[in-house]
Number of protein chains: 4
Amino acid sequence: MAEGCNPTKSSCDVQQNPEQDVGLGRLRQDLAEFARERDWEQFHSPRNLLLALMGEMGELSELFMWKGEVQRGLPTFTPAEKEHCAEELSDVLLYLCRLADICDIDLGAAALAKMKKNALKYPADKCRGSSAKAYTYASGQS
Amino acid sequence: MAEGCNPTKSSCDVQQNPEQDVGLGRLRQDLAEFARERDWEQFHSPRNLLLALMGEMGELSELFMWKGEVQRGLPTFTPAEKEHCAEELSDVLLYLCRLADICDIDLGAAALAKMKKNALKYPADKCRGSSAKAYTYASGQS
Amino acid sequence: MAEGCNPTKSSCDVQQNPEQDVGLGRLRQDLAEFARERDWEQFHSPRNLLLALMGEMGELSELFMWKGEVQRGLPTFTPAEKEHCAEELSDVLLYLCRLADICDIDLGAAALAKMKKNALKYPADKCRGSSAKAYTYASGQS
Amino acid sequence: MAEGCNPTKSSCDVQQNPEQDVGLGRLRQDLAEFARERDWEQFHSPRNLLLALMGEMGELSELFMWKGEVQRGLPTFTPAEKEHCAEELSDVLLYLCRLADICDIDLGAAALAKMKKNALKYPADKCRGSSAKAYTYASGQS
């Protein structure tokens, strides 16, 4: 990703530069190196990372807590708030990638496998517009 | 990712096939298409997705709740539990990607920007082995 | 609380029976006895309980995830959904009480102390109608 | 609760002063008055409060994130950390009480009803020492 690239999509949509799509394997490697360089591997046990991830989820939640319903694209957020949201989403992602790595799970492969499973479990023609199906999809109930 | 690929790293490490690194932009596109095909876009407002993400975080937490301290690689998990963990990590990732997309935030670019910011804020030579620095890193305090 | 008492307020408002106000100390005792009778104390370490609490928070979140904005009193919830919500709120409360007990913290006393602190930090006449003050109140920033 | 009462149990155990047991109905009333005095009721919709509650859960998680396994009574916490833990547990409780009130649910009655239900569902003599039963208890699976 080019220097100075804005984390909102308008300025550098990855769609237009597919070869620059940020990969989960690359993030995994960078995070492992970041921890190793700081000797922070000693703190990165699965449950420690899970609780750190929860901390970031809480910070993300705080950005939305007094907003009432928010529309797509966050039109009621100031630019600073939107930037903050990009940072909190990133923090969640980075701890998630690190947690998966420490659990010895290939997150990219797992995500693709889960999407394939979801596509089989929720065929488009039987689920169209159904909030009930969306609910069972999200809650993991069968 | 090849058919039948196991989501644990041993069988198909993305490191050995860097061209297959699963990209966040690709996941974003696939998830958008998945929602569109099922007419589920109507449910995917930012706060709806944030709460769905929280639901998945809860399911992930349940896998670790009665385990006591868990070591790297999840040696005390059964294969079924580890597979379940891969699925829950994936669910968190997929809702996170979808939430970022609906917020009009490029998650990959945001993650790279945050990692660069973290590297500047926490220089390796000043943070080595410090849990206090790791704490402020994780809690966002300065 | 009388047998068959409905957990919605209409049928047995504690206001009208102040002597029946359910106390946190009583819940603490009942939960300790419940765990002891089942020999579940061995599972109730602080971090185990914290993750179980997170699991319940996730289940609570799922009840609200596809609802869009919800008004006070949950007018769009079915009676079954409202009952389910009462159960999930209870689950969060019960694990919270148990966690506090295991941490050797008197939750009732701590809550009163925190309310007194909040009243001093956020004087009514300086905070009236301010979402900014409500934000710092909720996010713990000063 | 007497002035200057320490939120750890040693100094003023509610057990020894049962008439001082802090009630959920009392907290509900105090919180309602607190919001009314500050004209903050406008911010207290169910989903706003749910996200604020999530924010507090995140802050609670951060206190435990780099600790590794923590024993009962938090022996490895400094007094300041234990005090901080008491405050975060309180914040979770206060938002939970407020959320229940806004949902028009009597949290105390609901909690007693849930404990009765749990006692029937998990008879002591059939669940003794079983982590599997404790898991289904906590995860709500049947």
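A: C:Gly129 is partly exposed, at a relative accessible area of 29%, where buried means under 20% relative accessible area, exposed over 50%, and partly exposed in between (1.4 Å probe, protein chains only). This is a predicted model, in which local features need pLDDT of at least 70 and side-chain atom pairs count only at pLDDT 80 or more, while totals for chains, interfaces and linings use all residues. Residues are numbered from 1 along each chain as its sequence is written, chains are lettered from A and ligands numbered from 1 in the order in which they are written, and side-chain values use heavy atoms, with hydrogens and water left out.

Q: Where does C:Gly129 sit, and which residues is it in contact with?
A: C:Gly129 is in the loop between helix H5 (124–127) and helix H6 (131–139) of chain C; helices here are DSSP runs (H or I, at least four residues; strands would be E, at least two), numbered from the N terminus. Leaving aside neighbours within four places in sequence, C:Gly129 is in contact (heavy atoms within 4.5 Å) with D:Arg38, D:Asp39, D:Trp40, D:Gln42 and D:Phe43.

Q: And how far apart are C:Gly129 and C:Met54?
A: C:Gly129 and C:Met54 are 31 Å apart in space, C-alpha to C-alpha, and 75 residues apart in sequence.

Q: Changing topic, how many residues does the contact take from chain B and from chain A, and what area do they bury?
A: The contact takes 100 residues from chain B and 100 residues from chain A. Between them, these chains bury about 8,500 Å², with 62% of it on carbon and sulfur atoms; buried area is the accessible area (1.4 Å probe) that two parts lose on being put together, summed over both.

Q: How many salt bridges does the rule find across the interface of chain B and chain A?
A: The rule, which asks for a side-chain nitrogen of Lys or Arg within 4 Å of a carboxyl oxygen of Asp or Glu, finds 6 salt bridges across the interface of chain B and chain A. One pairs B:Asp104 with A:Lys82, with the closest N and O atoms 3.7 Å apart.

Q: Which element gives the most to the side of chain B that touches chain A, and how do the residues divide?
A: H3(B) gives the most, with 17 residues. The residues on that side of chain B divide into 49 nonpolar, 22 polar and 29 charged, where Ala, Val, Leu, Ile, Met, Phe, Trp, Tyr, Cys and Pro count as nonpolar, Asp, Glu, Lys and Arg as charged, and the others, Gly among them, as polar.

Q: What about chain D and chain A, and what area do they bury?
A: Chain D and chain A bury about 1,500 Å² between them, 60% of it on carbon and sulfur atoms. D:Asn48, D:Leu51 and D:Trp66 supply 34% of the area that chain D buries against chain A, more than any other three residues. The contact takes 20 residues from each of the two, chain D and chain A, and the rule finds 2 salt bridges across this interface. The side chains of A:Glu69 and D:Arg47 meet in a salt bridge at 2.9 Å, N to O. Helix H2 (residues 46–64) of chain D gives the largest share of the side of chain D that touches chain A, 12 residues.

Q: Back to charged pairs: how many salt bridges does the structure hold over all chains?
A: The structure holds 36 salt bridges over all chains. A:Lys114 and B:Asp91 meet through their side chains in a salt bridge of 2.5 Å, N to O. A:Lys114 lies in helix H4 (residues 107–121) of chain A and B:Asp91 in helix H3 of chain B, so the pair joins two chains.

Q: Are A:Lys114 and B:Asp91 buried or exposed?
A: Both A:Lys114 and B:Asp91 are buried.

Q: What about B:Arg38 and B:Glu37, how do their side chains meet?
A: The side chains of B:Arg38 and B:Glu37 meet in a salt bridge of 3.3 Å, N to O. B:Arg38 counts as buried at 3% relative accessibility, whereas B:Glu37 counts as partly exposed at 36%.
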